[in-house]
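Work through the exercises below with the model open. Each task is followed by a stepwise solution.

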Amino acid sequence: WYINGTEVDSKTDYRYSFIDGDLIITNASEITDNGKYQCQVENSYGIILSREVLLHFACWCCCLFICICVAA
């Protein structure tokens, strides 16, 4: 997984973990986690990098929502 082009390092940041290939962010922060995400997969046939998705935070009616939008 990459955030804004930088590889996610779950060893140095305890908030990030991986479960069955999914990126899990514990206590997501608008300041540090807002941005573009990509997943990279590798097997014997090669490597592929997913399209970027945008994670941004929005406040509506005093509730925090996390929205993931596919970047065009």
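**Exercise 1. Find how strands β3 and β4 are joined, and how they run.**

Step 1. Locate β3 at residues 16–19 and β4 at residues 22–25. Strands here are DSSP runs (E, at least two residues), numbered from the N terminus.
Step 2. Count the bridges: four join β3 to β4, and the strands run antiparallel. Two strands pair if DSSP finds at least two bridges between them.
Step 3. Take Ile-19; its bridge partner in β4 is Asp-22.
Step 4. Inspect the turn. Two residues lie between the strands of this hairpin, and Asp-20 takes a positive phi near 50°.

This is a predicted model: local features need pLDDT of at least 70, side-chain atom pairs count only at pLDDT 80 or more, and totals for chains, interfaces and linings use all residues. Residues are numbered from 1 along each chain as its sequence is written, and side-chain values use heavy atoms, without hydrogens and water.

**Exercise 2. Describe the hairpin of β6 and β7.**

Step 1. One pairs Glu-42 with Ile-47 of β7.

**Exercise 3. Which strand has the lowest confidence, and which element the highest?**

Step 1. Start with the protein chain: mean pLDDT (the predictor's confidence in each residue, from 0 to 100) is 81, and 79% of residues reach 70 or more.
Step 2. Confidence is lowest in strand β9 (residues 63–70), at a mean of 49. It is highest in β7, at 94.
Step 3. Where pLDDT is low, predicted coordinates should not be read in detail.
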